[in-house]
Each structure stands twice: as C-alpha cells, then as structure tokens.
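Please open the structure in a viewer and keep the selection tool at hand.

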Amino acid sequence: MEQDAWWEDEFVAYVAASSGSLRATAFVLCGDWHRADDLLQVTFLKLYRVWPRLVRRGELDAYVRRMVVRAFLNENRRKWRSREHLSAELPDISTAPEPDHAQRLSVRAALDGVPPKQRAVLVLRFWDDLSVDETAAALGCSAGTVKSQSARGLATLRKLLDPSQLGHLASQEGRA
C-alpha cells in the first residue's frame, strides 16, 4: 500500500492549502455553503483520481479552479436541482453580522439571477481577480466570450440591484 500511495501526502497538502479559497469561489458561484462543499467534494474526488498522472503541477490551481466551475455548471444542468426549494427559515446557527451584510446579501441574491455561465465569468473575473485571458483559459473559451459574458452578466446585475448597490459595479466596469 505504501508504494501505491507515494503521492497521497502531496495531494493532502494541496487540498489543505487550497480548500479555503476554492470553497469561497464555489460559494460565490452557487450561493450556498453546503452546495459549495458538495462542489469541492466532487472536484477533489476527481482530482484524487488523476493526481498521480498530473505532470504540470505549476498550472494546478488554474486546473482545479476550472474543475470547480465545471462541477458548478454540470450541477446546474441537472433537472433535480430545479425541484429543490429553499426554506425561508434560518438554521439555529448564530453568527455576528458583517457591517456590509445587507449589501452582500442583495448582491448575492442578484447574482443568483445571473445565468450560470455568466455567473462563472463574473466570479472568476471579479471574485478570483483573474484576467480576461486567465478566465478564458479556466473556462475553455475565447477572450471575446469572456468579455461578452462579463458585459451581459454585469448588465443583468445592474437590472437586479438597487441603485444604491450600483456604485461597486461601476468601479468594476472598467475591468470587464
């Protein structure tokens, strides 16, 4: 067994180091911590299967980020997800509110109204702070597609947000 698992320590170290940022990205994509954890579980399971064959470890973060986005997009294609209903009741977990909590909630709610592919572009561009080219590489599409999806996604967000929330988006527009 020890010979077969020569790479497991390296895999465990990578998962421990990258889980936090990947979980945050998954959350921004789907808007639910439990779904974000599910996306990471699917991603890390697939990564575990191919880890021994990975050659270019230098590009690993971009590769895994692309896996998270694809897991999110694949999940949104499933019909059973559309039958799931959210509850208006809060769980019994107590957390201290953040100063800009109301703004984050309204942006999060508006982001849920953006189509999944546009949402993926917005998250990678503005949450993960990737360039147009890096986002295109992560999604396997052209830079032009990233630009058009960014513009459409931002336009959708503008329609869904209060005028008071638009100040933050206006500062991001120059980067789209």
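**A tour of the salt bridges**

Begin by selecting Arg65 and Asp128, whose side chains meet in a salt bridge, 3.4 Å from N to O. Arg65 belongs to helix H3, whereas Asp128 sits in the loop between helix H6 (116-127) and helix H7 (132-139), so this pair ties together parts that are 63 residues apart in sequence. Arg65 and Asp128 are both buried. The model on display is a predicted one.

Next, select Arg35 and Glu75. These two residues form a salt bridge in which the closest N and O atoms are 2.6 Å apart. Because Arg35 lies in helix H2 and Glu75 in helix H3 (residues 60-77), the contact ties together parts 40 residues apart in sequence. Arg35 is buried, as is Glu75.

Now move to Asp37 and Arg23. The side chains of Asp37 and Arg23 meet in a salt bridge, with 2.5 Å from N to O. Distant parts of the chain are linked here: Asp37 is in helix H2 (residues 33-50) and Arg23 in helix H1 (residues 8-30), 14 residues apart. Are these residues buried, exposed or partly exposed? Asp37 has a relative accessible area of 31% and is therefore partly exposed. Arg23 is also partly exposed, at 31% relative accessibility. Buried would require under 20%, and exposed over 50%.

Finally, return to a view of the whole structure. How many salt bridges does a search of it find? The search finds 3. As a general point, side chains of opposite charge can pair when their charged atoms come close.

Conventions. Residues numbered from 1 in each chain as written. Predicted model: local features only at pLDDT ≥ 70, side-chain atom pairs only at ≥ 80, totals over all residues. Heavy atoms only, no water. Salt bridge = Lys/Arg side-chain N within 4 Å of Asp/Glu carboxyl O. Helix = DSSP H or I, 4+ residues; strand = E, 2+ residues; numbered from the N terminus. Buried < 20%, exposed > 50% of the residue type's maximum accessible area, 1.4 Å probe, protein only.
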